[in-house]
Amino acid sequence: MDAYSYTTVRVDPDGTAAVHVSLHPDADMTVVCVRGGDRAQISVMHARADVTFCPTNPTAPTAGDVRAARRLAESFATYAAEVERLHSRTVLDGDSGESGGECAA
C-alpha cells in the first residue's frame, strides 16, 4: 500500500462538526519542530495534510500545556515502539514489511 493522507469532516444535523485527519506517511513526510525560538510548536506535513500542535498560547505555555506536550511525547514514543515491534515480527516472519493496515487507538 502506498502512503497517503486524508481528512474527513462530518457535520451533524445539529451543526456540530467532527474532523478526522489520517496520515499514512512515507519518506516524503516532513516534521518541523524548531528549538530556541519564541514559540513552541511541531508541525507534521504529508500529502497536503498539515497538522500543527502548539500550546494554547505558543509564546507562554501553561503547566497544562506542558502536561499535554508530555502526553503527546509519551504516546508518540509508544507508537514508535509498536511500529518497531510489529516490523521486527514481520521481518522474522519473512515478509518485507511493505504492506500496511489500519492503526486504531
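**Surface, strands and selected side chains of a predicted chain**

The protein chain exposes about 8,400 Å², of which carbon and sulfur atoms supply 55%; accessible areas come from the Shrake-Rupley method with a 1.4 Å probe, and for residues only the protein chains shown count as cover. The structure is a predicted model, in which local features need pLDDT of at least 70 and side-chain atom pairs count only at pLDDT 80 or more, while totals for chains, interfaces and linings use all residues. Residues are numbered from 1 along each chain as its sequence is written, and side-chain values use heavy atoms, with hydrogens and water left out.

Buried residues make up 10% of the 105 residues in the protein chain. Here, buried means under 20% relative accessible area, exposed means over 50%, and partly exposed lies in between (1.4 Å probe, protein chains only). Of the contacts with a separation of 6 or more, 17% are accounted for by residues 24 or more positions apart, a contact being heavy atoms within 4.5 Å. The chain has 1 helix and 5 strands, and from the N terminus on these elements run β-β-β-β-β-α. Helices (H or I, at least four residues) and strands (E, at least two) are DSSP runs, numbered from the N terminus.

Strands β1 (residues 4-11) and β2 (residues 17-24) run antiparallel and are joined by 8 bridges; two strands pair if DSSP finds at least two bridges between them. Within this pairing, Ser5 stands opposite Leu23 in β2. The hairpin of β1 and β2 has 5 residues between the strands, and in this hairpin Gly15 takes a positive phi near 95 degrees.

Two side-chain features concern this part of the chain. A search of the whole structure finds 1 aromatic pair. The pair is formed by Tyr4 and Tyr6, which are stacked at 5.9 Å centre to centre with 10 degrees between the planes. Rings of Phe, Tyr and Trp (its six-membered ring) pair if their centres lie within 6.5 Å; planes under 30 degrees apart count as stacked, over 60 as edge-to-face and the rest as tilted. Tyr4 counts as partly exposed because its relative accessibility is 25%, and Tyr6 likewise counts as partly exposed, at 32%. His24 is located in strand β2 and counts as buried because its relative accessibility is 15%. The side chain of His24 makes a polar contact with the side chain of Ser22 (2.7 Å). A polar contact is a pair of N or O atoms within 3.5 Å; within protein, one must be able to donate a hydrogen and the other to accept it, and residues adjacent in sequence count only if both atoms are side-chain atoms.

An open sheet of 3 strands has the order β3-β4-β5, with antiparallel pairing. Strands β3 (30-32) and β5 (49-53) stand at the edges, each with a single partner strand, so one side of each is left without a neighbour in the sheet. Neighbouring strands of this sheet are turned by 10 degrees against each other on average, direction ignored; axes are lines fitted to C-alpha atoms, for helices over the stretch in contact, and angles run from 0 to 180 degrees between N-to-C directions. The antiparallel pairing of β3 and β4 extends over 3 bridges, and Val31 stands opposite Val44 in β4.

Ser43 lies in strand β4 (residues 42-46). Ser43 is buried because its relative accessible area is 11%. Not counting residues up to four places away in sequence, Ser43 touches Thr30, Val31, Val32, Val51 and Thr52. With Thr52, a polar contact of 3.0 Å links the two side chains.
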